[in-house]
Every structure is written in C-alpha cells, then in structure tokens.
Amino acid sequence: MFDSFSLGAIKTVMLAQQEALRNGHRYADTEHLLLGLLGEGKGIAYKSLIASGVDLKSARRRVTERIACRSNLVKLPWFLWWTCLIPSPDNRRGQFTFKPHAKRALELACEESKDMNKSFVHTSHLLLGIIREREADDDVLNIERSEGIAIEVLHDFNIDTNELRELILESMKDEK
C-alpha cells in the first residue's frame, strides 16, 4: 500500500507511529494519523488544519485526554515502555499495527487519490481518508460503530468536517 505514498504521506505515517509509541501504544489509529499530519508541518492537510484552528500541541493534548477517557488507563511510565514489546497473540514482537479505523482511513486515502487520477497518495488524501472513515460501513470494518478519535478531536475544535473537506478540495484545485 505504501509504495504509492508521497514522501510527505510516508513521513506522516512514520510520525503517526512515533505519536503512538509516545502514548505507549504499539498500534496507530486515526488520532495518531491526525497528529502525524500536524507534525509533518507542510502540505495541504497541514495548512487546512492550521487554517481551521488546529495546532499540534493542542491536538496532542486533546488526543491524550480522549485516550485516557476511553481506556481509563494511566499512561505507562517511560521505564515500563519495554512491556509494549512483549509479544501478544495478535502482535508479534516488534511488529507495529494499525487499528481498523486507521486501516480504513488509509484505504480511503488511496481511493481518494485514485478517484482524482493522482499517481501518489498525498497528505491531503490522508486527511480526506480520515474524514471519510467516519462514514465507513460497519460490515467493512467488522467492528462496533464508532468514530475514530481524530474526528472527535476535530469536533472538539468546532470543525465541521464537511467544510474541512471542501477547504481541502478547493486548496487542491488551487494548487494545479
């Protein structure tokens, strides 16, 4: 999948993995992708998020709060992070995974790129994938219907995702 990603999109995914590890997770979800887009620091997705009033520091704080509310777990102290490397039946040692919402967002980003006849998946497609993921069919994900934390964080900033989508598409037209 990642062979069709632009350098900016690859950097975003790598930053998402770092954000996940920062929270003591060995998986990435939509919230980590959102933080990766903000951490990447350039591109249409970054500019659209900044223009909408979202910055990395504030988003990171909101993500941490949302994760804590959902899990009711305390963040692992740095000296216990090694426990994240202990193999589990669904995740072998050293293997980093994407949760279903993130996988679906990445797939939708690829669809967005293909639908626009682009050769590569750019950061703008990643953000469009995150926005579209909330509309994903339950049967496709085979999980209980819920939004990814990324959408909740965007709503915390009073962002209308339909308006954000339109802003991204307009910016992409202007870039031609």
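This is a predicted model: local features need pLDDT of at least 70, side-chain atom pairs count only at pLDDT 80 or more; totals for chains, interfaces and linings use all residues.

Q: Okay. At what angle do α2 and α3 pack?

A: Helix α2, residues 30-40, and helix α3, residues 44-51, meet at about 95 degrees. Their axes are 8 Å apart.

Q: So what do you call that, parallel or perpendicular?

A: Roughly perpendicular, because angles of 65 to 115 degrees count that way.

Q: Which residues make the contact?

A: From α2 you have Leu-34, Leu-37 and Leu-38, and from α3 there are Ala-45, Tyr-46, Leu-49 and Ile-50.

Q: Moving on: how many residues are in the largest nonpolar core?

A: That core has 39 residues. The ones with the most contacts inside it are Leu-49, Val-54, Leu-126, Leu-127, Leu-154, Leu-164 and Ile-168.

Q: Which helices supply at least two residues of this core?

A: There's a list: α1 (7-22), α2, α3, α4 (56-71), α5 (100-115), α6 (123-133), α8 (149-156) and α9 (161-175).

Q: Let's pick Leu-127. What does Leu-127 touch?

A: Not counting residues up to four places away in sequence, Leu-127 touches Leu-34, Leu-37, Ala-45, Leu-49, Leu-164 and Ile-168. Leu-34, Leu-37, Ala-45 and Leu-49 also turn up in the contact between α2 and α3.

Q: New topic: where does Arg-165 lie?

A: In helix α9.

Q: How does Arg-165 count in terms of accessibility?

A: Arg-165 has 21% relative accessibility, so it counts as partly exposed.

Q: What is Arg-165 in contact with?

A: Setting aside neighbours within four places in sequence, Arg-165 contacts Glu-112, Leu-128, Ile-131 and Arg-132.

Q: And how far is the C-alpha atom of Arg-165 from that of Ala-45?

A: They are separated by 9.8 Å, though the two residues are 120 residues apart along the chain.

Q: Is Asn-117 buried or exposed?

A: Exposed, with a relative accessible area of 70%.

Q: What about Asn-158, where is that?

A: Asn-158 is in the loop between α8 and α9. Its phi is positive too, near 60 degrees, and Asn-158 is exposed at 71% relative accessible area.

Technical notes
Residues are numbered from 1 along each chain as its sequence is written. Side-chain values use heavy atoms; hydrogens and water are left out. Axes are lines fitted to C-alpha atoms, for helices over the stretch in contact, and angles run from 0 to 180 degrees between N-to-C directions. Helices (H or I, at least four residues) and strands (E, at least two) are DSSP runs, numbered from the N terminus. Angles under 35 degrees count as roughly parallel, over 145 as roughly antiparallel, 65 to 115 as roughly perpendicular and the rest as oblique. Contact means heavy atoms within 4.5 Å. A nonpolar core is a set of buried Ala, Val, Leu, Ile, Met, Phe, Trp, Tyr and Cys residues joined through side-chain atoms within 4.5 Å. Buried means under 20% relative accessible area, exposed over 50%, partly exposed in between (1.4 Å probe, protein chains only).
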